[in-house]
Amino acid sequence: QVQVVESGGGLVQPGGSLRLSCAHSGDVFANYAMNWYRQAPGKEREFVAYISSNGGSMKYADSVKGRFTITRDFSRNTVHLKMNSLKPKDTAVYYCNAQVDPIFARPGCPDEVWGQGTLVTVSS
């Protein structure tokens with residue numbers, strides 16, 4: 001079955017940078033659009049970034065646009081989220097999400113898979 005595993009979280013000072021990784025396995029990586037979401041303590045999960053299944057389109061939440069960059073490495077079946085100019089408000093658990101392209105969806109298989117998350121703490 002499809003699985004995604006996040007890594008790269010940690011403690012970073014305001015203004016610093018961090019790169020998160022999401023390893024995808026269990027199915028054809030190129031059949032899935034990939035997303036990053038985050039959830040801060042006491043708040044609802046929010047969308048952060050999206051990259052299409054072929055890597056041709058990216059979308060970002062307004063709160064991170066210009067600071068974060070999402071990429072995918074087809075040779076390693078991995079998606080990255082490069083985070084620059086980090087702010088305390090970026091502190092959250094970051095979750096990777098894999099969403100199958102409807103063209104490749106199969107009956108009985110989940111359309112989305114979530115990772116367990118990786119914690120990013122931005123603090124002095």
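Modeller: Two strands pair if DSSP finds at least two bridges between them, a strand being a DSSP run of E with at least two residues, numbered from the N terminus. This is a predicted model, where local features need pLDDT of at least 70, side-chain atom pairs count only at pLDDT 80 or more, and totals for chains, interfaces and linings use all residues. Residues are numbered from 1 along each chain as its sequence is written, and side-chain values use heavy atoms, leaving out hydrogens and water.

Biologist: What makes β7 and β8 a pair?

Modeller: Six bridges join β7 to β8 (residues 78–83), and the rule asks for at least two, so they pair. They run antiparallel, with Ile70 opposite Leu81 in β8. Both strands belong to an open sheet of four, ordered β1-β3-β8-β7.

Biologist: Why is Ser53 called buried?

Modeller: Buried means under 20% relative accessible area, exposed over 50%, and partly exposed in between (1.4 Å probe, protein chains only). Ser53 has 13%, so it counts as buried.

Biologist: How do you know that Arg38 and Glu46 form a salt bridge?

Modeller: A salt bridge needs a side-chain nitrogen of Lys or Arg within 4 Å of a carboxyl oxygen of Asp or Glu. The closest N and O atoms of Arg38 and Glu46 are 2.7 Å apart, so the pair qualifies.
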